[in-house]
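Try each task before you read its solution.

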Amino acid sequence: MSVPEPATRARPPAAETVELTKVYGEGQAEVRAVDGISLTIPSGSYTAVMGPSGSGKSTLLHCLAGLDRPTSGTVRIGGTDLSTLKDKALTELRREQVGFVFQAFNLVPTLTARENIVLPRKLGRRDPDAAWFDAIVGALGLGDRLGHRPAELSGGQQQRVAVARALVTQPQLVFGDEPTGNLDRTSGQELLALLRTSVDELSQTIVTVTHDPVAAATADRVWFLADGRVVDELTAPTVDGVLDRIRALEH
Amino acid sequence: MWTLTWKGLLAAKARFVMTALAVIIGTGFVAGALTFGDTLQQGFDRLFTSIVGSADVVIRAEEPEDGPGPGPTAAEPASFPPEVVDRLDALEEIALVDGEVEGVAIVIGDDGEPTGQFGPPTLGYSAFVHEELDPAELRTGRWPDTAGEIAIDAGTARAQGWDIGDDVGLVLDGPVERPEVVGIFGLGELDNLAGASVVVLDRETALARLGTDGELTAAYAMAAPGVGEAALLDAVRAELGEGFRVQTAAEVVAEQQEAFGPFVEVFSIALLVFAAVALLVGSFLIFNTFTIVLAGRLRELALLRAVGASRGQLFGSVLGEAALVGAVGGALGAGFGLLVARGLQAVLGTIGIELPGDQLVVLPRTVGVAIAVGAVITLLAALVPARRAVSIPPVAALSEVAVAAPSGRGWIRNVLGALLLVAGVVALTATLLGDAGPTILGVGAVALFLGVAAMSALIVRPLARLLGGPSAALGVSGELARANATRNPRRTAATASALMIGLALVSFVSIFAASLQGTVSETIERSFRADAIVQAGTLAGVPPTALDAVAEVDGVEVVAPAAVGQLEVGERTITLAVMDAAAVPAVFDLDVADGDLEGLTAGGLAVSESVASDLDLVAGAEVAATVPGGEATFPITAVFDGGGIDVSGFLDTAAWEDAGGSVSSAFNVYVRFGADADAATTFDALGSVLVAYPQVLVLDQAGFAEGLAAQLDQLVGVVLALLALSVLVALLGIVNTLALSVVERTREIGLLRAVGMTRGQVRRMVRTEAISVALIGAGLGLALGMPVGAVFVRIEQLNITSLVIPWTQIVVGVALAALAGLVAGVLPARRAANLDVLEALYSE
Ligand SMILES: Nc1ncnc2c1ncn2[C@@H]1O[C@H](COP(=O)(O)OP(=O)(O)O)[C@@H](O)[C@H]1O
Ligand SMILES: [Mg+2]
């Protein structure tokens, strides 16, 4: 299997935020979903995001991925300030530089697995890079499922197709918002292992939200969010380390 | 359950807007047709009442049988000498009596064209001596006293912009003259006699020049004080004796109403047919809306079932919703009907058919019918989706997977559809090969239509794939559009079927009309020997002085004037060219199938093949017919191939008169040039002598054919305009289905946007789907309408000899359908493109 060269760690960061803030509602009903987060995501890294429900994990990812506009602060992906982009350019950035795996409903029901995977390339009116396509399909073990429609795939297979779709453009960054949330434990861990593989072997940069300490421990780094802020960070985490932090945060 | 119905409606009100719109348009057309008919009826009623004015009795000379039809007959009017009025005046039962001359007077507009070509009548009357009896009322000026003065109706004066003191163009019995307008009058509150132009002349001129040879056509009498109606009638009848029709004012009005009743009725029925088509198309839309809306509520329905609602209760609630939407739509439709009625008046007005009725007449019946029709149609259309939706098992509410309504037994539909298709094809083939006739073809067409409709879910897939080629050129938006069009084939099929109906009818009518036109010009070329045709441009016919002028043109050899006569044999009316038998071979080259034309001079009747086959006539047989003067028997001398000639028989003038028919002025004058005359020069010369007669047209063969074609074009235009309404409903259907689909696919669109589909690509995707649906509908419509049209024109009784497929028209039709699809896609596409990515993604 031919796999592209792993990039050196000296690459510029895949993304960074400065004082990123997202506020919903006004006055009494104001919710600071993301409250002044500044962070850097190195290229080729695997980051896990943890935190209680409502802590702003999804909002952070949406802002990072150009799916939502921050109220204030800056998001840069590959050096581009997202706030300078109009809707069309932002859409193109999502298509070319970002991959996203949602918790559910990741696939277009009318398209086959293969068509779903190459969708972002097709939207850019480009043919997928055959070698890369084979590499990700191989890594994700989807070879014999490509002709099936989503309804004919298991939940785990659907999420793997979604990961392949997220990787197909060789984006700067791939985000996962609880991509294993709807899967049973085994399929979930399989999927996270695959994400780890994508970072190690395919040299991708991945940020994913997860509630599973075991999964989080496979990441290079874990951010802990509470009330819209990064309240803690663990590098080279272990399962116990993660559990400790979670317990600490709950008190 | 009623609360449920009500809540359901409120929750989905946006979705029902389109259903209501479809109902509004469909029922609006029904209400419009009814309102139009009622308005017309009232207009005529008022007109007839105003014509009688304040007279108690009206006296006319006994007319030949077969009373006046709609509009004045071309036949010479029955008349009586002016002395009759003096005799009546002497009766002590009569307070006032006045005589009237009615004839034809053609008003020539300032543009040199006669007003109302083949449209409303152009009437001339004498001025009354006793103004009390005059149905007309002066608005300004005075009544004419001498030749060179006229009074004119207010409607015409307004239309032409004429006022007192203007010299205006008028044709009586000779060339154009320019009398002065001295008075402008109305009829009660009406400006005009149903759009007819009315000219009043001084009595001397009227008697001399309205074609009555100095006689009167009617007398109006008012009873002396204290004299009853019966006594008055008795006295008048006793004085006048035989040969007069003496009628009370009420009788005159009733007679007129009876004469026009069928006309109004036919008109209304024709309009209701188009309304029915629009309703049929609308029912597809309603069906689709309910299917989609209910599909979106399946989980809710299942939940209701789970908590104990019975199937029947849910069914009732859904149907209640349908009936309510339908009734409300119908009520609004009644209002929309007013616009439709005005629109119809305007459309007919532009092609010169002006009908009475300024104030629209809206009867409670019209509103009731609109509401009832709306409720019933919607209820019927909702029946199947409702039954399907309520058969959802209660456990579906709890299941995690997407809930789908149990679909009907597809294979039964398809087998049934296939059988219907086969039956339709057999009927078409039978019509084509044998003489199965229009009924079989009609049944076949309906079978084909139902077959295609039943199988359309199957047909849609390959058709969409066919269209997929070009749409794939649009990239992934095109591919997705195709996938979307086929993901729910039955929905796409129902949407497309609505358009299919319209396009099938359009292509059918176009082929029929084009073939008829083709046949007409072919026949004219083949069977006319005349080099020129002088045609009456108005119902007054070609004036005799014009005939003389034509005869004197250098190079003209034969001048053969033909009047129009009508024979009735049973139900069949034969329109005759009544002309000098000896001249027939000089100006016609009839293709005689049976017998010969020699017998025409001896009083024989030549009939077209279509007449002969309808009535089982052969040369040598005799036929008993009703003529205006009574009954007569004619020997059949020839049967000719007459497809396209606008006459179905020939009869010698003398024979017509012998049979009691009165000879009107000529409508068509066939002119043959001498062998050594230069055709172009002679034709030009003919044109220049007839400049003085703007009421006649001079045409060469091609011009004649064009004229006939133009008349047909106008009719086809009106039919197509009426069909356009059902196409409009079908387009609303596309808008609706797509809008609902966009709502249904909100999450998916959010996903597409999230992974990089631009707004433009989303828009293109939805629009492409709209165009695909439109093209599928158009394609199916053509596939149905064209063969049926092509077979239809082969039906022998129609005597259409050439099959013309108007390709340009059909290509334009398809292009318009695509364009319409594009337009229909605009709103749903905009809606889809403007969805907020995150909101869409996380929507339920
Ligand atoms: N569209 C929205 N409108 C209003 N409030 C929102 C919206 N989206 C998220 N929030 C609020 O922002 C906070 C963070 O939400 P989210 O980012 O979804 O948290 P997490 O993904 O960590 O559960 C929550 O309090 C949530 O209620
Ligand atoms: Mg979340």
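**Exercise 1.** Find the helix that holds B:Arg461, then decide whether this residue is buried, partly exposed or exposed.

Solution. Bear in mind that this is a predicted model. Start with the position: B:Arg461 sits in helix α12 of chain B, residues 437-472. Next, take its relative accessibility, which is 39%. Buried needs under 20% and exposed needs over 50%, so at 39% B:Arg461 counts as partly exposed.

**Exercise 2.** Classify the aromatic pairs A:Phe100 with A:Phe102 and B:Phe128 with B:Tyr220 as stacked, tilted or edge-to-face.

Solution. Begin with the count over all chains, which is 13 aromatic pairs. In one of them, A:Phe100 and A:Phe102 are 4.5 Å apart centre to centre, with 15° between the planes. Planes under 30 degrees apart count as stacked, so this pair is stacked. Both of these Phe residues, A:Phe100 and A:Phe102, are buried.

Now for the other pair: B:Phe128 and B:Tyr220 have 5.6 Å between centres and 55° between planes, which makes the pair tilted. Trace where they sit: B:Phe128 is in the loop between β5 (122-126) and β6 (136-141) of chain B, and B:Tyr220 is in strand β11 (residues 218-223). They are 92 residues apart, so the pair links distant parts of the chain. Both B:Phe128 and B:Tyr220 are buried.

How values were computed:
Residues numbered from 1 in each chain as written. Chains lettered and ligands numbered in written order. Predicted model: local features only at pLDDT ≥ 70, side-chain atom pairs only at ≥ 80, totals over all residues. Heavy atoms only, no water. Helix = DSSP H or I, 4+ residues; strand = E, 2+ residues; numbered from the N terminus. Buried < 20%, exposed > 50% of the residue type's maximum accessible area, 1.4 Å probe, protein only. Phe/Tyr/Trp six-rings, centres within 6.5 Å; stacked < 30°, edge-to-face > 60°.
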